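Hi everyone, thanks for making time this morning. I'd like to walk you through one model, so please have a look at it while I talk.

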Amino acid sequence: MMCKGKNGSVTHYLAEAFRQCVYEEVFDVYLLGELLIDEDTFIDVNALSYTAPPTGHEPETVLDYMYREFHYWENKSEEIKDELWDLIETFESPPWNAKRYKDLSEQEIADLT
């Protein structure tokens with residue numbers, strides 16, 4: 001899903017949620033709430049994106065992105081950083097079992113590509 005800005009720029013919804021500090025609403029309301037109403041729905045949070053630094057074409061998972069944003073936010077309030085850390089811990093726990101790219105097995109990477 002993409003968000004289109006007023007200046008015509010297009011950004012991934014997750015990046016926009018982090019930029020506007022509304023990630024908690026995106027995850028708590030949409031992902032953790034709306035999408036999980038159906039117990040038969042499986043959401044794989046280990047999908048790969050090829051947008052990571054340093055080249056902007058390196059593989060990363062949602063968890064990689066969250067960690068990168070967490071460390072980038074040195075100037076954010078402790079409350080905001082605590083919220084993001086709680087979200088990271090939620091994603092690392094069952095049923096999500098989110099992983100960073102470096103922690104994926106070769107088979108998991110093959111299955112995701």
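**A hairpin, a core and some rings**

Let me begin with a strand pairing: Ser 49 has Glu 60, in strand E4, as its bridge partner. Before going on, a word on the source: this is a predicted model, where local features need pLDDT of at least 70, side-chain atom pairs count only at pLDDT 80 or more, and totals for chains, interfaces and linings use all residues. Residues are numbered from 1 along each chain as its sequence is written, and side-chain values use heavy atoms, with hydrogens and water left out.

E3 and E4 pair in the antiparallel sense over three bridges; strands count as paired if DSSP finds at least two bridges between them. Helices (H or I, at least four residues) and strands (E, at least two) are DSSP runs, numbered from the N terminus. The loop between E3 (49-52) and E4 (58-60) holds Gly 56. With five residues between the strands, this hairpin has Gly 56 at a positive phi near 85°. Leaving aside residues up to four places away in sequence, Gly 56 touches Tyr 50 and Thr 51, contact being heavy atoms within 4.5 Å. Gly 56 is partly exposed, at 29% relative accessible area. On that scale, buried is under 20%, exposed is over 50% and partly exposed is in between, using a 1.4 Å probe and protein chains only.

The largest nonpolar core has 19 residues, and Phe 18, Tyr 23, Phe 27, Met 66, Leu 84 and Phe 91 touch the most other members. Such a core is a set of buried Ala, Val, Leu, Ile, Met, Phe, Trp, Tyr and Cys residues joined through side-chain atoms within 4.5 Å. Helices H1 (13-19), H2 (23-34), H3 (62-72) and H4 (78-92) each give two or more residues to this core, and H3 gives the most, with five.

How many aromatic pairs does a search of the whole structure find? There are three. Rings of Phe, Tyr and Trp (its six-membered ring) pair if their centres lie within 6.5 Å; planes under 30 degrees apart are stacked, over 60 edge-to-face, and the rest tilted. Tyr 67 and Trp 85 have ring centres 5.7 Å apart and planes at 85°, so they are edge-to-face. Because Tyr 67 lies in H3 and Trp 85 in H4, the pair ties together parts 18 residues apart in sequence. Tyr 67 is buried at 11% relative accessible area, while Trp 85, at 30%, is partly exposed.
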